[in-house]
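Me: Please show me the sequence and the model, and then let us work through some questions about them.

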Amino acid sequence: MIVSIVDLSRHVGQTVTLQGWLYHRRDSGKLVFLVVRDGTGLCQCVVARGPDTDSFFEDCRRLGQESSLRVTGVVRADPKQVGGHELTVTHVEIVQNAENYPITPKPHGIDFLFRHRHLHFRSRRQWHILRVRHTLVDEIRGYFNRNGYTLIDTPIFAPSAGEGSQTLFSVDYFGEPVFLAQTGQLYVEAACMAFGKVYCFGPTFRAEKSKTRRHLTEFWMVEPEIAYADLDAVIAVAEDFICSIVQRVLSDHRADLEFLGRDVAALERIRAPFYRITHRQAAEILRGPKARELLERDLAQKSARIAEVQKLIAEKETQAKAGGVKEWQKEKLAADAADLREELADLEVEVQNIPHHMQLAANFDPNGDLGGSDETIISRLHDRPVFVTHYPKGCKAFYMKLNAEDRTRVNNVDLLAPDGYGEIIGGSQREEDLTTLRDRIHEDGLNEADYEWYLDLRRYGTVPHGGFGLGVERTLAWLCGLKHIRETIPYPRMMGKIYP
Ligand code: 4AD
Ligand code: MG
């Protein structure tokens, strides 16, 4: 009977067949231990030398990493083993003996791994992350479907800018230049006037020239849009939505998060109400003593850690050179040293940047946009997500509603995730007044004719409305506690990275 590893608990004592790939192999002469993965989990399969295993025992001893195989055997419960079960093997059918699989247990540089992304996500860490992604995407759809939103698919070929003209990718559309969609928002705004509550969910594109830990050129965004909603209503939906995502991921993926080293208790603390501050208050925090103290503490802690890591690397190197060290110990020491060197390189960059970030914060322009490092500071000074509202209109898109009391500000909101992850949601109430919106289009140097259809929404039954966009990858990086966004998507697209 063919079964999946995830279902083994229902088959203890039975003979089953697993279909998978060889994750890891070790042998002791009389026994070969094959750790098999099948996409649902890992299981150690033990082949004992003997008359019954004679026809395949030697082949198993030589089997290369990631060989494909069918393994038959008796299931034994064993809480000490990965996945909690072990197979006592009675038969092995090798589908293909793979040789020289490029991603070995030895350390590889990050560039190498991402050039082998088509194989890389067979690795455990990547597998755990992409499983959480699956659930995140499912919960995003589930949340809006349960709450009365209609899904509206929006086009990817876009005739005009939705989010500022600096980050447009242009493509040749039968001889005419058009763009890859930066957002589906303008189209869901039209749809919310037909359906009340709608959302779009799909890939979006930004020609981001910045090579940061937070930027992709192709990322997935969900964008709800609600008729008769003001800024407070938009914020209430965003808060409830985030809580529901966090609860779902916690309930389905505790083990995955723990494997990834995520501080699960910190996620458990994510509860409404989130903090809510204005852009002016954010500016005060950035220019004030708390921000400075935070970065000074960082500088001291990180510098101390650099010295510690340098010492550890030197120790590992000395140990590896000492006499009597076995080959496997040398490999382990080299792997540890490589990890430490990676940490060191990261720390050195961070320490170099801190003085610059301190300066940016101390001199923060109350009429300017929050930069990545500013967002990090604000979010690290709070233990729950922070809504930052009412940015200066100059740093936000043309469609945002001008604030009634202060026409230099807009009714917008950015949600900053905790632990320094920065913005995961951007949203706003939309300008519903025809004349003001037209003026804003002109102020931003956009061509009114391109937006004629969009202006129609203000001519025929205009109402207050609003919505937001949540980026899947930034949200996943936060949920899983990842340093870099590139691990959150099966095939990351970044400046200078398009293979495979
Ligand atoms: O703040 P943004 O640009 O907002 C919009 O696109 C609006 N049209 C949304 C709306 O109101 N309907 O982007 C929204 C979110 C960000 O908060 C971030 O999570 C993600 O999209 N995002 C990116 N993620 C990865 N790489 C990039 N280059 C991203 N740019 C935005
Ligand atoms: Mg934004």
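**Cavities, a helix and a strand**

Domain 1 (5-96) and domain 2 (117-274 + 384-488) each contribute lining residues to the second largest cavity, so this cavity lies between them; the domain bounds come from an automatic or database domain assignment.
This is a predicted model, in which local features need pLDDT of at least 70 and side-chain atom pairs count only at pLDDT 80 or more, while totals for chains, interfaces and linings use all residues. Residues are numbered from 1 along each chain as its sequence is written, chains are lettered from A and ligands numbered from 1 in the order in which they are written, and side-chain values use heavy atoms, with hydrogens and water left out.

Me: What volume does the second largest cavity have?
Reply: On a 1 Å grid over the protein atoms alone, a cavity is a set of points where a 1.4 Å probe fits but cannot get out, and lining residues have an atom within 4 Å of a point. Grid points are joined across faces, edges and corners, and a volume is the space filled by probe spheres set on the points. Among the residues lining the second largest cavity are Tyr23, Arg37, Arg122 and Trp127. Its volume is about 70 Å³.

Me: Which helix gives the largest share of the lining of the largest cavity?
Reply: The largest cavity has a volume of about 100 Å³. Its lining comprises 15 residues, and Ala158, Ser160, Ala161, Gly162 and Thr183 lie nearest its centre. Strand S9 (176-180) and helix H5 (185-195) are the elements that give two or more residues to this lining; helices (H or I, at least four residues) and strands (E, at least two) are DSSP runs, numbered from the N terminus. The largest share, three residues, comes from H5.

Me: How far apart are the end C-alpha atoms of helix H4 (residues 124-146)?
Reply: The expected span of a helix is 1.5 Å times one less than its number of residues. H4 has 23 residues, so it should span 33 Å. The distance between its end C-alpha atoms agrees with this, at 33 Å.

Me: Which residue in strand S16 (residues 465-471) is the bridge partner of Glu225?
Reply: Strand S11 (residues 218-227) has eight of its ten residues buried, that is, under 20% relative accessible area with a 1.4 Å probe and protein chains only. Two strands pair if DSSP finds at least two bridges between them. S11 and S16 run antiparallel and are joined by five bridges. In S16, the partner of Glu225 is Gly467.

Note on methods:
Buried < 20%, exposed > 50% of the residue type's maximum accessible area, 1.4 Å probe, protein only. 1 Å grid on protein atoms, 1.4 Å probe; cavity = no way out; pocket = protein on both sides within 12 Å on 5 of 7 lines; lining within 4 Å.
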